[in-house]
Amino acid sequence: MHSDIVDLRSFYSTTLGRFAERSITMALSSIWAAVPNERLVGLGYTLPWLERFGSDAERVFAFMPATQGAVVWPATGPTATALVFDEELPLVDSCIDRMLLVHSLEHVENPRETLNEIWRVLSPAGRVVIVVPNRRGVWARFEHTPFGNGRPFSRGQLTELLREANFTPAAWSDALFFPPSRRRFMMRFHNVLERFGRRLWPIFSGVIVVEAQKRLYQGVPVVQRASRRVFVPVLSPHGATRLGRRAEAGGAATSARQVKPS
């Protein structure tokens with residue numbers, strides 16, 4: 001199930017959504033290194049974080065998948081959003097310094113192909129920052145938040161997927177340690193639960209945040225061939241009828257009797 005752009009905007013306008021945005025911002029801040037004059041692209045619904053981390057970038061674009069929908073951003077000035085297909089980004093090779101994925105990888109049809117496309121557009125020193133629902137977390141089990149839709153990941157699954165796409169995980173972080181409850185008395189203690197969650201149950205966070213670096217060189221293992229096919233020519237053509245094969249065999253026997261020495 002895909003998250004619609006209207007549902008995403010509605011969620012982040014609620015109190016629970018603002019708390020979730022704040023928690024993810026803290027997780028991104030712990031691994032986000034400032035790069036001067038970088039070219040930043042967000043894929044998915046990344047508008048709240050592009051406004052925070054893209055202020056010092058040379059240029060910022062918000063790419064929104066076609067299955068999700070798009071909105072105009074920013075509210076003032078030239079539009080920097082585009083409706084795209086995640087496996088065919090409208091960018092040339094090696095033109096982006098950093099890419100941020102939020103509400104994206106868990107909804108794509110083929111995560112490996114999407115990461116391969118991201119690898120293509122990133123510069124040689126480019127990095128990708130991914131935010132995905134945690135398979136072990138509570139947030140992936142409730143559908144009243146966007147993190148309850150799509151395909152959740154574990155750290156092991158995400159690491160294997162990144163390595164298959166020629167990325168090397170460099171830094172990890174977690175967010176959303178408080179329960180996704182919309183009750184007021186639970187949301188009052190979200191700061192306390194968030195602090196205790198980071199210390200006591202970090203493995204059960206709501207989302208996993210990883211920064212991975214583009215890998216340029218990869219060794220290809222040499223596979224020894226155990227056997228080799230040998231094609232032997234056949235005298236009779238393929239599709240020959242049984243009667244034709246008998247006629248050919250009878251003619252060959254007659255010729256053999258004729259040349260037999262007396």
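User: In this predicted model, how many of the seven residues of β4 are buried?
Analyst: Strand β4 spans residues 96-102. The strand is largely enclosed by the rest of the structure, because the buried residues of β4 number seven of the seven.

User: Over how many bridges do β4 and β5 pair?
Analyst: Strand β5 holds R127, which stands opposite R98. The pairing of β4 and β5 is in the parallel sense. The bridge count is six.

User: Which residue in β7 is the bridge partner of V132?
Analyst: Strand β5 runs over residues 122-133 and strand β7 over residues 207-214. These two pair in the antiparallel sense, over seven bridges. The partner of V132 in β7 is I208.

User: Which strands are the edge strands of the open sheet?
Analyst: The sheet has seven strands and mixed pairing. Its order is β3-β2-β1-β4-β5-β7-β6, and the twist averages 20° from one strand to the next. An edge strand here pairs on one side only; the two are β3 (81-84) and β6 (167-175).

User: At about what angle does α2 run to β6?
Analyst: Helix α2 takes in residues 15-31. The helix lies across β4, β5, β6 and β7. Its angle to β6 is about 140°.

User: How do the contact residues of α2 with α7 divide into nonpolar, polar and charged?
Analyst: The axes of α2 and α7 (residues 190-200) come within 12 Å and cross at roughly 35°. The crossing is right-handed. From α2 come F19, R22, S23 and M26; from α7 come H190, E194 and R198. The division is two nonpolar, two polar and three charged.

User: What is the handedness of the crossing of α4 and α5, and which residues make the contact?
Analyst: The crossing is right-handed. On the α4 side the contact uses P111, R112 and L115. These residues and their α5 partners divide into four nonpolar, no polar and two charged. On the α5 side, the contact residues are L161, L162 and E164.

Definitions and conventions: Residues numbered from 1 in each chain as written. Predicted model: local features only at pLDDT ≥ 70, side-chain atom pairs only at ≥ 80, totals over all residues. Heavy atoms only, no water. Left-handed = near helix turned anticlockwise from the far one by under 90°. Helix = DSSP H or I, 4+ residues; strand = E, 2+ residues; numbered from the N terminus. Contact = heavy atoms within 4.5 Å. Nonpolar A, V, L, I, M, F, W, Y, C, P; charged D, E, K, R; others polar. Pairing = 2+ DSSP bridges. Axes fitted to C-alpha atoms, helices over the stretch in contact; angles between N-to-C directions. Buried < 20%, exposed > 50% of the residue type's maximum accessible area, 1.4 Å probe, protein only.
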